[in-house]
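Q: I'd like to learn how to read a structure like this one, feature by feature. Can we go through it together?

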Amino acid sequence: MAEISFQLLLLQLMTGLALGAIYALLAVGLSLIFGMLTVVNFAHGAFFMVGAFLGVYFLGLTGSFWFSLVLTPLAVGAIGLLCERFLVRPLYGRGIDYPLLLTFGLSYVMIESMRVLFGLEGVPTSVPAELKGVVDLGIGSFPTYRLFLIVATAVIIGALWLFIEKTRYGLIIRAGSRDPEIVRILGVDIARVWLIVFGIGTAIAGLSGLLAAPTRAVNAEMGIPVLAESFVVTVVGGMGSLPGAVVAGLLVGVVFSMTSLFAPEYAELSIFVLMAVVLLVRPQGLFGKAGLMG
Amino acid sequence: MSNAILSVRDLNAWYDRSHVVQGISFDVNAGEVVTLMGRNGAGKTSTLRSIMGMLDKRAGSVVFNGQEILATPAFSRFHAGLAFVPEDRRIVPGLTVRENLQLGLIASRARDTTDAMIDEIAQTFPRLKERLSQEGTSLSGGEQQMLAIARAMMAKPRMILMDEPSEGVMPVLVDEMFELFARMKRNGVTILLVEQNVERALSITDRAYILDQGRIVHQGTAAELLADDEIQSKYCAV
Ligand SMILES: Nc1ncnc2c1ncn2[C@@H]1O[C@H](COP(=O)(O)OP(=O)(O)O)[C@@H](O)[C@H]1O
Ligand SMILES: [Mg+2]
């Protein structure tokens, strides 16, 4: 049997973290939207996919990966704002299944639109020139872009954490996710907070699409498996829990990548096994509180 | 009456099909303390909640400070100077006492004064002062009630509606609470109170209305109602 060195294991762990970073970003957006609006956003994978397309498009347009990194979440977030304002908002107060069905339908509209705009084959991508190559981590060489993914995710999640824990608007979000009625009594137009949270969640989904684009095929269907995997992550982490989304995202990425090393044919299955095990031991997820919102 | 700050006319409200507020009319004058009394299920809470815009199906007229507000969105009442302390206190779990107080000014233009207001409020509520960094829901029932009132007072409202503030609160704290209401009244805050504690309530009340089955069945000054044992036993026994 071939020796699998300790260094290879560590490198594979890093690869898993890079993959998990994307999952964590997606799950944070899903959890933020669910925790605040009680909307299960079935279009989250589609926002991810649109982010990948627009990321490539803006990159071609401006020639700069960094411009694209700013423009893409703004554009996808703007689409998210319009969807909340005109499609999701009329469904509040009618139960959880209405927005679920709506966003499910919306995801297919977005998929078709990208097919019409960019063709059935999707668009080619490559790692931006300034992030090509490998870096020596001391345990071996690791692709620069994957390291960038881990760092970028840490920065985005750190900024989001500061926003939610340390700012006035973050306090409104924390209070409003637990008791929208008292926040309304205290003068907050909660509908506007929901709008903004949906915008932030979808902007992060778009950003993760852009970040993931150089590492995978960009086509209109790319969001479908990603949506399923993101739900696995939110269920493992606990619906509505942001720390849960981050930890579970990284965990799922590492489990996937470690299984690929030993038994590639079971990699996809392994994350569902992980979900089943977590659900058996802690039905509310790692960080979830019993009874959804806690 | 021309100096009514709150004027309710033919107010009706429903939970789905059930018609729980059936044509209620009353006035509260600026600076007054007015109490709504009546048995459990009489419709007191529903009356306050429909004034606050929190029952979806409502009809009639509510004029606050010269503005018709019944159909306006619930959050706009805060900006008109109308505060509400709901029955179940609604201290937000996971937030500290300080953060709960901050919420009281979070939507206000005066939010830059939050820290100063918390210091000021802490003078009035010494029990909260020592517990500012504690989680709000870890306080005792009476302290949570004090916190809910303090939070509503942060924005210096012109008028405050309070739904059974003394319910489940231990007697020492109830004393403190009613002293506080008397002080609020002296400072010119108009109060609409729902209370089951008849003698306590009437001690600070100018006028009272008695509700039964969604309607007003009696009204009078505190002295008149205190003198009337029949009304008390018929409508106010808990
Ligand atoms: N959420 C609700 N849904 C349906 N009916 C309700 C609800 N809340 C209260 N009611 C009913 O409305 C009537 C008035 O209740 P309420 O206003 O709470 O009375 P009070 O505050 O005087 O005890 C009661 O018959 C009560 O059962
Ligand atoms: Mg009541």
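A: Let's start with a term we'll need: a salt bridge is a side-chain nitrogen of Lys or Arg within 4 Å of a carboxyl oxygen of Asp or Glu. Keep in mind that what you're looking at is a predicted model.

Q: Which kind of contact do the side chains of B:Asp175 and B:Arg200 make?
A: The general idea first: side chains of opposite charge can pair when their charged atoms come close. Here B:Asp175 and B:Arg200 meet in a salt bridge, at 2.0 Å from N to O. B:Asp175 sits in helix α7 of chain B and B:Arg200 in helix α8 (residues 198-204) of chain B, so the pair ties together parts that are 25 residues apart in sequence. B:Asp175 is partly exposed at 35% relative accessibility, and B:Arg200 is partly exposed too, at 26%.

Q: Which residue does B:Glu176 pair with?
A: B:Glu176 forms a salt bridge with B:Arg127, 3.1 Å from N to O. Because B:Glu176 is in helix α7 (residues 171-186) of chain B and B:Arg127 in helix α5 (residues 126-129) of chain B, this pair links parts 49 residues apart in sequence.

Q: What about A:Asp179 and B:Arg90: are they buried or exposed?
A: Both A:Asp179 and B:Arg90 are buried. They form a salt bridge whose closest N and O atoms are 2.8 Å apart. A:Asp179 lies in the loop between α6 (168-178) and α7 (180-185) of chain A, and B:Arg90 in the loop between β6 and α3 of chain B, so the pair joins two chains.

Q: Now the metal. Which residues coordinate the magnesium ion (ligand 2)?
A: B:Thr45, through OG1, and B:Glu87, through OE, coordinate the magnesium ion at 2.0 to 2.5 Å. B:Thr45 is in helix α1 (residues 44-51) of chain B, while B:Glu87 is in the loop between β6 (82-85) and α3 (97-103) of chain B, so the two tie together parts 42 residues apart in sequence.

Q: And how do I read a sheet?
A: Strands of a sheet pair through backbone hydrogen bonds, either parallel or antiparallel. In chain B, an open sheet of 6 strands runs in the order β6-β7-β8-β3-β9-β10, with mixed pairing. The edges are β6 and β10 (215-221) of chain B; each has a single partner strand, so one side of each is left without a neighbour in the sheet. Further in, β7 (residues 159-163) and β8 (residues 190-194) of chain B run parallel, joined by 5 bridges.

Terms used: Residues are numbered from 1 along each chain as its sequence is written. Chains are lettered from A and ligands numbered from 1 in the order in which they are written. This is a predicted model: local features need pLDDT of at least 70, side-chain atom pairs count only at pLDDT 80 or more; totals for chains, interfaces and linings use all residues. Side-chain values use heavy atoms; hydrogens and water are left out. Donors are N, O and S atoms within 2.8 Å of the metal (3.2 Å for Na, K and Ca); water is not among the atoms, so sites may look incomplete. Helices (H or I, at least four residues) and strands (E, at least two) are DSSP runs, numbered from the N terminus. Two strands pair if DSSP finds at least two bridges between them. Buried means under 20% relative accessible area, exposed over 50%, partly exposed in between (1.4 Å probe, protein chains only).
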